[in-house]
There are 2 protein chains.
Amino acid sequence: MRKKIRVVQFGVGPIGASIVRLMRQKHSLEIVGAVDKDPAKAGRDLGEVVRAKDAPWGVTVSAAAASVLAKPVDVVVHTTSSYLPNVMDELLECLSAGCCVVSTCEELAYPFRKHPELSAKLDAAAKEEGVALVGTGVNPGFVMDKLVLVLSAAAQRVDFAKATRIVDASKRRLQLQKKIGAGMTPEEFRAQVAAGVIKHHGLPESIAMVADGLGFALDEITETIEPVIATETVKTEFLEVAPGQVAGVYQIGRGIWEGEDKIFMELQMYVGAKHPADTVELRGEPNLTLTIPGGTHGDIATAAVAVNAIQAILAATAGLRTVRDLPLGILAPNATP
Amino acid sequence: MRKKIRVVQFGVGPIGASIVRLMRQKHSLEIVGAVDKDPAKAGRDLGEVVRAKDAPWGVTVSAAAASVLAKPVDVVVHTTSSYLPNVMDELLECLSAGCCVVSTCEELAYPFRKHPELSAKLDAAAKEEGVALVGTGVNPGFVMDKLVLVLSAAAQRVDFAKATRIVDASKRRLQLQKKIGAGMTPEEFRAQVAAGVIKHHGLPESIAMVADGLGFALDEITETIEPVIATETVKTEFLEVAPGQVAGVYQIGRGIWEGEDKIFMELQMYVGAKHPADTVELRGEPNLTLTIPGGTHGDIATAAVAVNAIQAILAATAGLRTVRDLPLGILAPNATP
């Protein structure tokens with residue numbers, strides 16, 4: 001029997017907890033530690049923190065990464081923030097401990113355009129230790145970038161790429177329903193957008209990845225965030241949205257070259273969305289469309305994509321990698337490294 | 001400006017010609033030679049053989065590979081046969097000349113189960129020269145294997161995988177319409193199946209790749225080929241099929257474990273197919289479906305997938321690779337290696 005991959009979970013919020021529960025099911029993985037600064041979690045058993053039925057696991061959540069990373073660790077799964085500048089110290093600490101990293105930090109998915117200096121720093125640090133890191137999840141990391149590039153392999157020429165993700169937020173957790181502004185007035189929504197509170201992160205990263213993958217030069221990448229206004233009452237497990245109130249977000253990202261859209265990405269995430277789906281369209285030779293009817297579930301799929309990337313990041317060339325370079329697939333429950 | 005990738009086309013049949021025309025459009029590639037034993041092609045200008053508008057190209061088709069491979073060549077695109085034993089000498093000659101190889105030989109797409117010794121021989125030969133080779137195309141190589149594995153990255157657990165490819169052969173070339181038995185009586189069809197003439201190659205290879213990628217143990221892989229019988233008259237550009245005659249093939253591949261289907265692949269390729277599409281279904285946590293409505297066009301997409309793999313095979317670790325390991329994407333017209 002091969003040795004198990006020793007993993008540490010860095011950040012035990014909702015996504016981190018979902019990842020931990022999934023990792024526990026993968027026989028090829030051994031969870032050897034967890035890090036979370038939250039005093040409500042630090043010092044407690046990880047299995048209990050993530051509400052696992054088979055808790056306690058005998059793995060304690062630590063407030064500080066140093067002690068956890070001092071032990072032999074192969075991969076850190078990192079889920080603490082969407083902003084790369086916020087997590088630089090955490091990532092560098094993992095890398096300098098000789099660990100590969102899979103992070104759900106959206107800005108890490110393709111950071112070269114927005115954060116060229118931080119990208120270079122991470123790449124150098126990873127290469128120095130002979131390890132690799134990648135930012136991934138369902139979006140960015142899968143539906144709006146990896147799927148676009150995979151589909152493009154069947155095209156002789158691509159002139160324009162579009163990705164649309166429509167999510168019915170009714171079935172998602174309260175935290176997400178609030179995050180998209182469900183139940184707010186349009187004015188409250190706009191104030192929250194202006195304050196940077198309401199925003200899905202990752203569209204510019206997906207656009208930059210797709211542009212490089214398709215060989216598109218772009219003059220600029222733009223983003224807009226508008227509210228979806230409810231036209232009828234929508235009730236979810238947690239809240240109720242009246243007609244005229246905000247049901248969620250309608251976010252558009254554009255990759256523009258010489259005044260023309262070369263890449264168009266559209267995220268509709270609202271309670272009561274009627275036809276949830278992930279769709280990729282390529283115009284060129286030939287035109288190609290790919291659809292996942294119903295769409296990929298954000299939390300389930302993000303946990304899946306992150307955990308399934310563990311094997312690929314261990315096998316990857318040292319440095320800062322992206323899902324553009326990595327082959328994707330599942331880490332089977334019975335797989336060995 | 002970066003140096004162009006120097007490519008040789010080995011085999012200038014319909015798929016080879018389609019690949020050559022596509023490679024001509026990619027500014028990152030330079031076609032430096034071509035090989036075909038057919039006396040109707042050898043000695044002629046490649047551009048003229050593939051009926052390019054800008055012919056002649058000043059590249060002559062050679063009957064023998066040796067002289068072509070004696071020059072500096074980076075990658076050979078190989079399209080001569082579906083059977084691995086038939087092409088071993090050709091592949092070994094390319095590898096020993098220090099060339100990477102992208103081949104549309106269906107049995108090369110995932111040869112480890114059917115041809116373990118030949119696989120080992122190719123892997124060793126490639127490693128000795130520090131080059132890589134891969135078998136790919138649209139099927140095997142894309143819709144029934146790569147797409148299945150890519151989609152599985154969004155799944156926490158997969159219990160069963162299904163791929164369905166429905167092709168309307170009405171719009172395909174005469175050679176293909178004949179190859180699927182269109183216009184035959186059911187008896188003629190069965191005789192041609194028994195003689196090994198009517199058969200799409202690649203289902204067992206896709207099944208083996210998916211099984212390994214999903215971590216499924218399989219007891220056996222089975223295949224059946226049945227005729228699709230026309231229920232109404234179907235006219236194509238080339239032929240007419242009367243009710244009761246064969247419209248095409250209905251081929252099923254199964255990956256079976258302990259008497260149960262773990263993988264089910266279904267290829268319907270017939271004239272008059274009403275709802276052409278490529279569809280992947282995964283059952284597990286969660287269930288996931290992915291569809292390409294209309295499906296990928298066999299010839300266009302096979303040429304695309306093969307040409308688009310050129311960059312990936314050059315960047316790959318030496319040895320026998322498969323699309324399971326390689327990241328897929330497009331070789332942009334303006335891309336540089």
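The legends below describe close-up views of backbone geometry in a predicted model.

Residues are numbered from 1 along each chain as its sequence is written, with chains lettered from A and ligands numbered from 1 in the order in which they are written. Because the model is predicted, local features need pLDDT of at least 70 and side-chain atom pairs count only at pLDDT 80 or more, whereas totals for chains, interfaces and linings use all residues.

**View 1. The peptide bond from B:Ala55 to B:Pro56 is cis.** Its omega is near 0°. B:Pro56 lies in the chain B loop between α2 (46-49) and β3 (61-62). Helices (H or I, at least four residues) and strands (E, at least two) are DSSP runs, numbered from the N terminus.

**View 2. B:Glu285 and B:Pro286 are joined by a cis peptide bond.** Here omega is about -5°. B:Pro286 belongs to the loop of chain B between β13 (277-285) and β14 (288-293).

**View 3. A:Arg51, although not a glycine, has a positive phi.** The angle is about 55°. A:Arg51 sits in the chain A loop between α2 (46-49) and β3 (61-62). The residue is exposed, with 9 other C-beta atoms within 10 Å.

**View 4. B:Glu258 is not a glycine, yet its phi is positive.** The value is about 50°. B:Glu258 is placed in the loop between β11 (246-257) and β12 (260-270) of chain B. B:Glu258 counts as exposed because it has 8 C-beta neighbours inside 10 Å.

Technical notes
A residue is buried if 20 or more other C-beta atoms lie within 10 Å of its own, exposed if 12 or fewer, and partly exposed in between; C-beta atoms are placed from the backbone.
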